[in-house]
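Student: Please take a close look at the salt bridges, and then go on to the parts around them. Give the cut-offs as you go.

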Amino acid sequence: MSQTFRAPDILDIARREGRVTVDGLAEHFGVTVQTIRRDLAELAEAGKLERVHGGAILPSGVTNIGYEARRGLNAEAKAAIAARCAASIPEEASVFLNIGTSTEAVARALLTHRNLLVVTNNMNVANILAENPGCEVVVAGGTLRRSDGGLVGALTMRAVQAFKVDYAVIGCSALDAEGDLLDFDIQEVSVSQTILAQARRAFLVADAAKFERSAPVRIASLRDLDEVFTDRPLPAPLAERCRGWNTRVDVAA
């Protein structure tokens, strides 16, 4: 079977699942991994997919991958990152968690923490932490974004400004070579910026796939954060910048 005949099916799988893997496609089509790598290279050259470690994802641009698809992307890495992040948050602390599948993973990792106050604009985070009897959950009101359970807008920003929390934990859609955190929705970005301004310490949780994507709206710089939790070392030039900014980089195994 030529790449021409495989391409539509590969794209359908990517749209459905958010990501395709070389090994999974090779098994699905009964061809070698080298053949699939060539297929993905051609699709990437045509701008239809973006290559990432071990496979490919839908191209980034001005719209994000669907939320359910993102939830399944790099799930093991997100869980490992979340565990490291949660280990850096003591009990009896106040925490803000924003919108995203990575912050949902942090919420799960906080289920055994005691005497927490968690403020969030993420309905999914609130539902997860409702299972922790030692956690008081405050939902920052605003306009509900049905696609991902996020709350955004001016009401959300005003609600966030009522707090001064010990830790802010945020995610992003992309992280560029200059160390800028990027996202797609300007309303969500405005809330994230307010969260950072209202926290004593600021953490980023971002798996390595975020290094390979792009998004149009800037949230902040890694220089503005205390620590970034990820699953692979940052590119050497960016790691050097983080050392100069005193931004700690924690790489989960």
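Tutor: The side chains of Asp148 and Arg145 meet in a salt bridge at 2.5 Å, N to O; the term stands for a side-chain nitrogen of Lys or Arg within 4 Å of a carboxyl oxygen of Asp or Glu. Both Asp148 and Arg145 are buried, where buried means under 20% relative accessible area, exposed over 50%, and partly exposed in between, with a 1.4 Å probe and protein chains only. The model is predicted, and its local features need pLDDT of at least 70, side-chain atom pairs count only at pLDDT 80 or more, and totals for chains, interfaces and linings use all residues. Residues are numbered from 1 along each chain as its sequence is written, and side-chain values use heavy atoms, with hydrogens and water left out.

By the salt-bridge rule the count comes to 14. One of them joins Arg108 to Glu104 at 3.6 Å, N to O. These two residues are 4 apart in helix H6, so about one helical turn separates them; helices (H or I, at least four residues) and strands (E, at least two) are DSSP runs numbered from the N terminus. Arg108 is partly exposed at 43% relative accessible area, whereas Glu104 is buried at 1%.

Another salt bridge links the side chains of Asp166 and Arg200 at 3.0 Å, N to O. Because Asp166 lies in strand E9 and Arg200 in strand E12, this pair ties together parts that are 34 residues apart in sequence. Asp166 counts as partly exposed at 24% relative accessibility, and Arg200 as exposed at 52%. Elsewhere, salt bridges with shared partners join Arg84, Glu227, Arg248 and Asp250 into one network.

Leu222 sits in the loop between E13 (217–221) and strand E14 (227–230), and at 0% relative accessibility it counts as buried. Leu204 is 18 residues from Leu222 along the chain, with 8.4 Å between their C-alpha atoms.

Strand E5 (residues 116–120) and E6 (residues 135–139) pair in the parallel sense over 5 bridges, pairing being at least two DSSP bridges between two strands. The chain passes from E5 through helix H7 (residues 123–129) to E6 in a right-handed β-α-β crossover: with the strands pointing away from the viewer, the path from the first strand over the helix to the second runs clockwise.

Asn115 is in the loop between H6 (101–109) and E5, and has a positive phi of about 55 degrees although it is not a glycine.
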